[in-house]
Amino acid sequence: MFDASAVSVAPPPVITPVFAGIPAIASSPWAYPMLESVHTIGVALLLGNLVLLELRVWGRGVEIPVLPLARLALSISLTGFCLLGITGLLMFAAAPGEMLANRLFVIKMGLVMLAGLNAAWFHARQGLQRLDATARAQTLISLGLWIAAIICGRWIAYL
């Protein structure tokens, strides 16, 4: 007869993550909500100014010279993007394992990367000087990517 008590099974190895996160952010009653609030301000600064510039690319506000508007709008958008990056990294640091396991987080990061590549292509081909059909298409792609990233980010906590 087989004696199961004679068989010893070793417990599975403990896998220690390289970076376990900063639990003080997640456990603080005010830190994570504050980061989310500043993150939302970053979204407003980024997207609001991109939409303004994209409307100009589409021919709205022709009395406003595109290059001075772009200097202003893009500098404010960059400020928003920096706020998003800093607060996003800190929120990620609260629970990196959870974030990396969340499909919507991974999709959001992919969308942000694609938005960045689209912006690099737009500026490399001098879309603001051309204001052509490709530039207009790139602005629609930009808007779609950012809106999709915002939706994914909003749903991270729920799925």
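Analyst: Contact, or touching, means that heavy atoms lie within 4.5 Å. This is a predicted model, in which local features need pLDDT of at least 70 and side-chain atom pairs count only at pLDDT 80 or more, while totals for chains, interfaces and linings use all residues. Residues are numbered from 1 along each chain as its sequence is written, and side-chain values use heavy atoms, with hydrogens and water left out.

User: How many helices and how many strands are in the chain?

Analyst: Helices (H or I, at least four residues) and strands (E, at least two) are DSSP runs, numbered from the N terminus. Along the sequence, the pattern reads α-α-α-α-α-α-α. The count for the chain is therefore seven helices and zero strands.

User: What percentage of the residues of the chain count as buried?

Analyst: Buried means under 20% relative accessible area, exposed over 50%, and partly exposed in between, using a 1.4 Å probe and protein chains only. The chain has 159 residues, and the share of them that counts as buried is 30%.

User: Which residues have the most contacts inside the largest nonpolar core?

Analyst: A nonpolar core is a set of buried Ala, Val, Leu, Ile, Met, Phe, Trp, Tyr and Cys residues joined through side-chain atoms within 4.5 Å. In soluble globular proteins, nonpolar side chains tend to be buried together. In this model, the largest such core has 14 residues, and those with the most contacts inside it are Leu46, Leu111, Trp146 and Ile156.

User: Which helices each supply at least two residues of this core?

Analyst: A second, separate core of nine residues, which includes Val57, Val66, Leu128 and Ala135, should be kept apart from this one. In the largest core, which has 14 residues, at least two residues each come from α2 (31–57), α5 (103–124) and α7 (133–155).

User: Which residues does leucine 111 touch, not counting residues up to four places away in sequence?

Analyst: Leu111 is among the residues with the most contacts inside the largest core. Leaving out residues up to four places away in sequence, leucine 111 touches Leu145, Ala148, Ala149 and Cys152.

User: Is asparagine 118 buried or exposed?

Analyst: Asparagine 118 is found in helix α5. Beyond residues up to four places away in sequence, asparagine 118 touches Gln138, Ile141, Ser142 and Leu145. Because its relative accessibility is 8%, asparagine 118 counts as buried.

User: What span does α2 reach from its first C-alpha to its last?

Analyst: The expected span of a helix is 1.5 Å times one less than its number of residues. With 27 residues, α2 is expected to span 39 Å, and it comes close to that value, reaching 39 Å.

User: Which helices do the buried residues of α2 pack against?

Analyst: The buried residues of α2 include His39, Leu46, Leu50 and Val57. The buried residues of α2 pack against α1 (23–27), α3, α5, α6 (127–130) and α7.

User: Which element gives the largest share of the lining of the largest pocket?

Analyst: On a 1 Å grid over the protein atoms alone, a pocket is an open set of points where a 1.4 Å probe fits, with protein on both sides within 12 Å along at least five of seven lines, and lining residues have an atom within 4 Å of a point. The largest pocket has a volume of about 930 Å³, a volume being the space filled by probe spheres set on the points, which are joined across faces, edges and corners. Of its 30 lining residues, the closest to its centre are His39, Met91, Lys108, Gly153 and Ile156. The largest share of the lining, eight residues, comes from α3.
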